[in-house]
Amino acid sequence: VDKGPVAGQPLRGVRFDVVECMLHSDGAHRRPQQLVPACRRALSGAMLGASPLLLEPVLEALVSCEDGAQKGSLQVLGRLRGRILDAGPASMLDSHAADDDGTYVIRAEVPVLESSDMNTELRCATSGGASVSLQPGGYRPVGEGGDVHDAETEAAAWALRLRAAAGMTGSVPRMSDVVDRL
């Protein structure tokens, strides 16, 4: 399974343990044409029954700003759906920084999707008093880990947009929609 049933996106951190498998005794019924679709439905059903999460890539941003530019920096990070991890004088966060040089440092996670014009926005909001360095920061759940089946959550809205972009129709299927019934 290369794409997930929720949004048609690549899977991360998924492992399937097959504990039992019954195959037909006739070799003509054990060909890939018979096995692959059945396995795909079973694995998709297992994923949908396991409370799937949508993850988005994030960048770790290290914002260095002058003493009076913290407010503008924090406003920009909030507008970009950033999550503040740590903030304080540079001497507190970095042992190599000079003592009390007036530099304030903010460490935050910012979604990759929102980060394209981040440096420009920071410089505009702080009149050039802030700069940012970015590095890969991993993944975090979309919408605070909401249920992709609950239409009221941000995760469900993201799932619908991703499904439309991938050419998938309808809402996120339920486990009962994809598993075989005897």
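This is a dialogue on reading a few features of a predicted model.

Colleague: What should I know about the model before reading it?

Modeller: It is a predicted model in which local features need pLDDT of at least 70 and side-chain atom pairs count only at pLDDT 80 or more, while totals for chains, interfaces and linings use all residues. Residues are numbered from 1 along each chain as its sequence is written, and side-chain values use heavy atoms, with hydrogens and water left out.

Colleague: Which residues of helix α2 are buried?

Modeller: Helices (H or I, at least four residues) and strands (E, at least two) are DSSP runs, numbered from the N terminus. Buried means under 20% relative accessible area, exposed over 50%, and partly exposed in between, with a 1.4 Å probe and protein chains only. In α2, residues 70-79, the buried ones are Gln70, Gly72, Ser73, Val76 and Leu77.

Colleague: Why do they line one face of the helix?

Modeller: An α-helix has 3.6 residues a turn, so residues three or four places apart point the same way. Seen down the axis of α2, the buried residues fall within an arc of 165°, so they line one face. The arc is that of the directions from the helix axis to the C-beta atoms. The exposed residues Lys71 and Arg79 are on the face turned away from the buried side.

Colleague: What do the buried residues of α2 pack against?

Modeller: Contact means heavy atoms within 4.5 Å. The partners are β1 (55-66), β2 (83-89), β3 (103-111), α4 (118-125) and β4 (130-141).

Colleague: How many bridges join β1 to β3, and how many join β1 to β4?

Modeller: Two strands pair if DSSP finds at least two bridges between them. β1 and β3 run antiparallel and are joined by 9 bridges; β1 and β4, also antiparallel, are joined by 11 bridges. On the β4 side, Pro57 stands opposite Tyr139.

Colleague: In what sense do β2 and β3 pair?

Modeller: They are antiparallel, over 6 bridges.

Colleague: Which residues of the largest nonpolar core touch the most other members?

Modeller: A nonpolar core is a set of buried Ala, Val, Leu, Ile, Met, Phe, Trp, Tyr and Cys residues joined through side-chain atoms within 4.5 Å. The largest one has 14 residues, and Val63, Leu77, Val110, Met118, Leu122 and Val132 touch the most other members. At least two residues of this core come from each of β1, α2, β3, α4 and β4. A second, separate core has 11 residues, including Ala7, Leu54, Ala159 and Val172.

Colleague: What does Val63 touch?

Modeller: Leaving out residues up to four places away in sequence, its contacts are Ser73, Leu77, Tyr104, Val105, Ile106, Met118, Leu122, Ala130, Ser131 and Val132.

Colleague: Where is Ala69, and is it buried or exposed?

Modeller: Ala69 sits in the loop between β1 and α2 and is buried, with a relative accessible area of 5%. Not counting residues up to four places away in sequence, Ala69 touches Thr126 and Gly129. Ala69 and Gly128 are 59 residues apart in sequence, yet 9.0 Å apart in space, C-alpha to C-alpha.

Colleague: Where is Gly8, and what does it touch?

Modeller: Gly8 belongs to the segment before α1 and counts as buried at 13% relative accessibility. With residues up to four places away in sequence left out, Gly8 touches Lys3 and Met168. Gly8 and Ala164 are 156 residues apart in sequence and 9.5 Å apart in space, C-alpha to C-alpha.

Colleague: What is the phi of Arg81, and what is that of Ser51?

Modeller: Arg81, which follows α2, has a phi near 60°, a positive value in a residue other than glycine. Arg81 lies in the loop between α2 and β2 and is partly exposed, with a relative accessible area of 25%. Ser51 has a positive phi near 55°; it is in the loop between α1 (32-48) and β1 and counts as exposed at 60% relative accessibility.

Colleague: What lies over the face of Trp158?

Modeller: A charge sits over a ring if NZ of Lys or CZ of Arg is within 6 Å of the ring centre and within 35 degrees of the ring normal. Here Arg161 lies over the face of Trp158, at 5.0 Å from the ring centre.
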